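Biologist: Please take one part of this model and go through it closely, side chain by side chain. I would like to know how it is packed, and what cut-offs stand behind each term.

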Amino acid sequence: MTEQVEIIRSKRKTVTIQIKSDGRVVVRAPVRMPGAAIRQLLEEKSAWIEKHLAQIRRQNESAEPAFSPEQLRQLAEAARQDLPRRAARFAPLVGVSCGRITIRAQKSRWGSCSTRGNLNFNCLLMLCPEEVRDYVVVHELCHRKEMNHSRRFWLELARVLPEYEQQRKWLKANGSRLIRRLP
């Protein structure tokens with residue numbers, strides 16, 4: 001494997017290999033894991049790593065142009081109008097309230113929920129179908145009841161949006177194409 005590998009050691013019990021969107025290979029390993037064991041793991045996983053690096057190279061070659069600052073500003077403004085209304089509509093159905101709603105252009109998340117009940121949403125949701133926006137809003141509202149992705153969380157989500165799996169699949173299939181366009 002000719003790619004540069006970044007090794008991050010921390011107080012963890014497991015080792016993971018991440019392939020970043022810029023092609024970097026990052027290994028997160030326990031502090032005491034020997035370097036030889038990390039090299040052996042990289043060798044064992046070399047086919048998987050190469051497959052994902054090739055996929056990233058293909059994606060980068062066919063990448064659409066980055067959003068301009070003006071486009072992002074317009075998306076954020078549209079999201080500030082749309083997403084709080086959706087949250088207000090679905091919060092009673094979930095049986096929760098929500099705090100402040102913040103809109104950002106994020107490269108790693110579609111939404112998040114703080115322990116204080118504040119919601120954050122990605123402005124790129126405005127480029128998704130309405131049903132997908134509903135899914136992300138309800139997903140975050142359900143975190144007001146379950147701050148995890150336990151079985152209870154998914155059951156609550158299904159109670160409010162029985163067809164949520166279709167929207168989740170759309171986001172998985174199409175979301176990275178949108179996020180790659182962030183500057």
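Modeller: W154 and Y164 are both buried, where buried means under 20% relative accessible area, exposed over 50% and partly exposed in between, with a 1.4 Å probe and protein chains only. The model is a predicted one, in which local features need pLDDT of at least 70 and side-chain atom pairs count only at pLDDT 80 or more, while totals for chains, interfaces and linings use all residues. Residues are numbered from 1 along each chain as its sequence is written, and side-chain values use heavy atoms, with hydrogens and water left out.

I start from the aromatic rings. Searching the whole structure gives three aromatic pairs; rings of Phe, Tyr and Trp (its six-membered ring) pair if their centres lie within 6.5 Å, and planes under 30 degrees apart count as stacked, over 60 as edge-to-face and the rest as tilted. In one of these, Y135 and Y164 have ring centres 6.2 Å apart and planes at 10 degrees, so they count as stacked. This pair links distant parts of the chain, with Y135 in helix α4 and Y164 in helix α6, 29 residues apart. Helices (H or I, at least four residues) and strands (E, at least two) are DSSP runs, numbered from the N terminus. Y135 is buried, as is Y164. The rings of W154 and Y164 are also stacked, because their centres are 5.6 Å apart and their planes at 20 degrees. Here the link is from W154 in helix α5 to Y164 in helix α6, 10 residues apart. Together, Y135, F153, W154 and Y164 make up one aromatic cluster.

Next, the nonpolar packing. The largest nonpolar core has 38 residues, and W110 and L124 have the most contacts inside it. Such a core is a set of buried Ala, Val, Leu, Ile, Met, Phe, Trp, Tyr and Cys residues joined through side-chain atoms within 4.5 Å. Two or more residues each come from α3 (69-94), β6 (119-122), α4 (130-142), α5 (151-160) and α6 (164-179). Helix α3 gives the largest share, nine residues. Apart from neighbours within four places in sequence, L124 is in contact with F67, L72, L75, W110, L178, I179 and L182; contact means heavy atoms within 4.5 Å. F67 also has R181 over its face, 4.2 Å from the ring centre; the rule is NZ of Lys or CZ of Arg within 6 Å of the centre and within 35 degrees of the ring normal.

A79 belongs to helix α3. It counts as buried because its relative accessibility is 0%. Not counting residues up to four places away, A79 touches P84, I103, C123 and M126. The C-alpha atoms of A79 and F121 are separated by 8.3 Å, although these residues are 42 apart along the chain.

Strand β4 (residues 101-104) pairs with β6 in the parallel sense over four bridges, pairing being called if DSSP finds at least two bridges between the strands. I103 stands opposite F121 in that pairing. Strand β5 (residues 111-113) runs antiparallel to β6, joined by three bridges, and G111 stands opposite F121. Five residues lie between β5 and β6 in their hairpin, where G117 takes a positive phi near 90 degrees.
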